[in-house]
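Please open the model in your viewer and keep the sequence panel beside it. The stops below are meant to be selected in order.

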Amino acid sequence: MEHVIACGWFGVGSLESDTESWLSQSGAAESTFGIQYTASFRWALSNLGIGGTNIEAVSELEGLYSIIVGLVSLMSFST
């Protein structure tokens with residue numbers, strides 16, 4: 001499940017290439033795919049409360065995705 005969330009987070013950041021996104025804000029936009037995926041996966045894990053990260057949503061779409069992931073995580077792991 002975390003892999004899917006990480007891929008979604010990477011996809012949302014990649015969609016917004018003409019505006020500011022978490023990729024450009026974190027400095028990962030020019031990095032290799034491996035570093036970008038690792039940052040995405042770390043963000044996904046931090047939404048479950050496992051560790052922390054300084055990667056934050058920058059755009060409205062990223063903010064919406066963050067809220068959806070938070071709610072899905074809450075519903076999935078609280079039962």
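This is a predicted model: local features need pLDDT of at least 70, side-chain atom pairs count only at pLDDT 80 or more; totals for chains, interfaces and linings use all residues.

Residues are numbered from 1 along each chain as its sequence is written, and side-chain values use heavy atoms, with hydrogens and water left out.

**Whole chain.** Display the protein chain as a cartoon: there are four helices and zero strands. Helices (H or I, at least four residues) and strands (E, at least two) are DSSP runs, numbered from the N terminus. Along the principal axes, the C-alpha atoms fill a box of roughly 40 × 25 × 20 Å. The radius of gyration, taken over C-alpha atoms, is 12 Å, which agrees with the value near 12 Å for a compact globule of 79 residues; the globule rule is 2.2 Å times the number of residues to the power 0.38.

**Helices α1 and α3.** Select residues 2-15 (α1) and residues 33-46 (α3), whose axes come within 8 Å and cross at roughly 120°. Axes are lines fitted to C-alpha atoms, for helices over the stretch in contact, and angles run from 0 to 180 degrees between N-to-C directions. Now show side chains: residues of α1 including I5, W9 and F10 meet residues of α3, among them Y37, F41 and W43. Contact means heavy atoms within 4.5 Å.

**The core.** Next, select I5, W9, W22, W43, I55 and Y65, which have the most contacts inside the largest nonpolar core, a set of 14 residues. Such a core consists of buried Ala, Val, Leu, Ile, Met, Phe, Trp, Tyr and Cys residues joined through side-chain atoms within 4.5 Å. Buried means under 20% relative accessible area, exposed over 50%, and partly exposed in between (1.4 Å probe, protein chains only). The largest share of this core, five residues, comes from α1. Centre on I5: leaving aside residues up to four places away in sequence, I5 touches W43, A44, Y65 and V69.

**E62.** Is E62 buried or exposed? E62, in helix α4, is buried, with a relative accessible area of 0%. Show its neighbours: not counting residues up to four places away in sequence, E62 touches W9, V12, G13, S21, W22, E56 and A57. Finally, draw a distance between the C-alpha atoms of E62 and G13; they are separated by 7.0 Å, although the two are 49 residues apart along the chain.
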